[in-house]
Amino acid sequence: MSHAIRLDRVTKNFGQYTAVQAVDLEANAGAFVSVVGPSGCGKSTLLNLAAGLIQPTSGSVSAFGEPLSGLNRRAAYMFQQDALLPWKTVLGNVMLGLRLRGASAPDAEAQARDWVGRVGLKGFAEAYPSQLSGGMRKRVAIAQSWIVNPDILLMDEPFSALDVHTRLRMENELLDLWTASPKTVLFVTHDLEEALALSDEVVVLSAGPASRVLNRYPVDLPRPRDLIDIRTWPRFSELYREIWAQLREEVLTSYGREG
Amino acid sequence: MAEKVSPRGSMLVAQILLGAAALAAWQGLANAGKLDKFFFSRPTDIAARIVDWFRTGSIWIHLVVTMEEAALAFTLGAASGVLLGFGLARSPRLGALLDPYIRLLNALPRVVLAPIFLLWFGLGIWSKVALGVTVVFFIVFFNTHRGVREVDPVVVNNVRMLGASEWQLVRHVLIPSAMTWVFSSLNISVGFAMIAVVVGEYLGASRGVGYLISQAEGTFDTTGVFAGMAVLSAVVLLVGWGVSRLEKWLLRWKT
């Protein structure tokens, strides 16, 4: 089985501060892998490394067997913060990736209109991001990153700012999209329930600084999954308890350091 | 709706009444001889002068020259401000090198430059344009600089991940971000351009509203001075209103 993304004994220092230490992490093509850990454990650093936005201090990052030099051209990135261009309309934002890659304007626009409809924003194509709710902006961000049809999707707590119900809907929509066109997803979250519900595998990071991978848990829940009910499944609770036993220690450690 | 309009409407009425009362008091005091007409003129005389200027059309040559100078000053100042602001923000070493000198020049009160510009560029429009440029340039320069430097790094990373080349990054992110700052200072820079060229005309010109006022002063024609001031204020307000509309349209993506 080929790795879509692979971090091999990766260490990243920012000056004196070691964010992550000797991390091995890989995701097979088409797999949905979540990374969980307490806040400040370097989860975003791992995504930035996988994206090629930052370079490892030691160790190597490769995508589909090729070592990364510069940006990871096979990956799209969905950021935790709002990353839409505020001066472009919804349509302009969604078609941007295609335009940057040289698609003609009419072609890009036609595809973008299709995607705007797919993420449920028909009628908002000409709106500006400032006129949308947080959940709608996330939909635009999803369309913006999926339209370029990347092999790898890096997602950094994309739904953490949303209310519980919107979040559940967005997670469901994400799974639908992923089922329709399987991509490798590297999903960072601090929410273990979210990680379990979505993923094929959950990777637990230790509290920072110098975080490392503590353990990896395959998630053997059947697909397709209905996220509304999945939290009540016995196997879900079992896995949750097992992983939480470990994660809990890290969260407490991280609280201790902050306090 | 009627309830919303009426407080605003009554405020407007109060505002008009206040102005009318002030003018009436001025007129009354002047008529009664309490205010010397030689020093203070009278609202009716000033109004008559303005009407006369427009009826004979003698005002137009001055208005057109002033507007032309202001427009040139704004265009040249804004263009050079955007270019240099952009260049220095993109090359921090050059920016650091020039920084003290730019601050030094900006600290200079522009009006002292007017005589120098008169010597260099003569009595025609270009000495006024030059004075206006020195004002507009710095406003636009600092705003552009800030717009490029303060662009959201997440947006930059997002666009890079979407496949942008350096030039595409400049075009889709850095320029719009800088323009946001420039547009939101449009009203100030246009207003300052007009003030600067009028000051320039006032200090030495053969045409323009500033020249008109200074000529009237030279002959102790207070009516002409006040009439010139009234026309100038009205034009600046009118231009400001138009620029505000433009600004709103350009920044329509901000709620």
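Strand β6 (residues 75-78) and strand β7 (residues 152-156) of chain A run parallel, joined by four bridges. The model is predicted. Chain A holds seven helices and ten strands.

**The β6/β7 pair**
- In this pairing, A:Tyr77 sits opposite A:Leu154 of β7(A).
- Strand β6 of chain A is covered on both faces.
- A:Ala75 and A:Tyr77 are buried on one side, and A:Ala76 and A:Met78 are buried on the other.
- In a regular strand, side chains alternate between the two faces of the sheet.

**The four-stranded sheet**
- Four strands of chain A form an open sheet, in the order β2-β1-β4-β5, with antiparallel pairing.
- β2 (17-28) and β5 (66-67) of chain A are the edge strands; each has a single partner, so one side of each lacks a neighbour in the sheet.
- Strand β1 (residues 3-14) of chain A is antiparallel to β2(A), and eight bridges link the two.
- A:Asn13 faces A:Thr18 of β2(A) across this pairing.
- Helix α1 (residues 43-51) of chain A packs on the sheet and touches β1, β2 and β4 (58-63) of chain A.
- The direction of helix α1 of chain A makes about 120° with that of β1(A).

**Overall fold of chain A**
- The radius of gyration of chain A is 18 Å, which agrees with the value near 18 Å for a compact globule of 259 residues.
- Along the principal axes, the C-alpha atoms of chain A fill a box of roughly 50 × 45 × 40 Å.
- Of the 259 residues in chain A, 42% are buried.
- Among contacts in chain A with a separation of 6 or more, 70% join residues 24 or more positions apart.

Terms used
Residues are numbered from 1 along each chain as its sequence is written. Chains are lettered from A and ligands numbered from 1 in the order in which they are written. This is a predicted model: local features need pLDDT of at least 70, side-chain atom pairs count only at pLDDT 80 or more; totals for chains, interfaces and linings use all residues. Two strands pair if DSSP finds at least two bridges between them. Two residues are in contact if their C-beta atoms, placed from the backbone, lie within 7 Å. Axes are lines fitted to C-alpha atoms, for helices over the stretch in contact, and angles run from 0 to 180 degrees between N-to-C directions. A residue is buried if 20 or more other C-beta atoms lie within 10 Å of its own, exposed if 12 or fewer, and partly exposed in between; C-beta atoms are placed from the backbone. The radius of gyration is taken over C-alpha atoms; the globule rule is 2.2 Å times the number of residues to the power 0.38.
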